[in-house]
Amino acid sequence: LPFLGCIAYDPPAKQVSFNNKSKMNVLVCITYSDTLSIENIKELYDVNSIENVNQVIHEDYYVKSNNKEDIVLLYWKMGNNYDNKIRFFVIPEKSIEGNDWVDIVENQLYVKKMIYTIKQLKKNNWEVTFNITNQ
């Protein structure tokens, strides 16, 4: 009998060091789209319904003030991206409290959108720095 099997495959990923130099705790949403949408959030958190999205705040994307965290970046999806850029939407903790993802997306409750290419991330040694004044 021939041996039949399935090989497990993890798509290529890279860790990005997100350096939060601000005075606020933030959630970082990574997308290849130019806008923050429910579909982006569903893809980021790997959930299939809006009900499931509203139950998720993933600790892997949460960065405390004046702290640095490694965030997994699935850059294998870059091939499906229309302009080969990655967006980091930075959402303050105060926007998450009392709002669900529909509110956050509809009202665009992020404080900053940072855009990078893979080339720029490599040049920055895979580090993204967030700093904002007037917090």
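Rings of Phe, Tyr and Trp (its six-membered ring) pair if their centres lie within 6.5 Å; planes under 30 degrees apart count as stacked, over 60 as edge-to-face and the rest as tilted. By this criterion the structure holds three aromatic pairs. This is a predicted model, in which local features need pLDDT of at least 70 and side-chain atom pairs count only at pLDDT 80 or more, while totals for chains, interfaces and linings use all residues. Residues are numbered from 1 along each chain as its sequence is written, and side-chain values use heavy atoms, with hydrogens and water left out.

**View 1. The ring pair Phe 88 and Tyr 116.** Phe 88 and Tyr 116 form an edge-to-face pair, 5.8 Å centre to centre with 80 degrees between the planes. The pair links distant parts of the chain, 28 residues apart: Phe 88 belongs to strand 5 (residues 85-92) and Tyr 116 to strand 6 (residues 112-117). Helices (H or I, at least four residues) and strands (E, at least two) are DSSP runs, numbered from the N terminus. Both Phe 88 and Tyr 116 are buried; buried means under 20% relative accessible area, exposed over 50%, and partly exposed in between (1.4 Å probe, protein chains only).

**View 2. The ring pair Phe 89 and Tyr 110.** The ring centres of Phe 89 and Tyr 110 are 4.9 Å apart and the planes stand at 80 degrees, so this pair is edge-to-face. Here too distant parts of the chain are linked, 21 residues apart, with Phe 89 in strand 5 and Tyr 110 in the loop between helix 4 (101-106) and strand 6. Phe 89 is buried, at a relative accessible area of 0%, whereas Tyr 110 is partly exposed, at 25%.

View 3. Two strands pair if DSSP finds at least two bridges between them. Strand 2 (residues 26-31) is joined to strand 3 in the antiparallel sense over two bridges, and Val 26 stands opposite Val 63 in strand 3.

View 4. Strand 1 (residues 14-20) pairs with strand 4 in the antiparallel sense over seven bridges, and with strand 7 in the parallel sense over four bridges. Asn 20 stands opposite Asn 67 in strand 4, while Asn 19 stands opposite Thr 129 in strand 7.

View 5. Ser 17 lies in strand 1, where five of the seven residues are buried. Ser 17 itself is buried, with a relative accessible area of 11%. Beyond its neighbours within four places in sequence, Ser 17 is in contact (heavy atoms within 4.5 Å) with Lys 68, Glu 69, Asp 70, Trp 126, Glu 127 and Val 128. Val 72, in strand 4, is partly exposed at 40% relative accessible area. The bridge partner of Val 72 is Gln 15. Val 72 and Ser 17 are 55 residues apart in sequence, with 8.8 Å between their C-alpha atoms.
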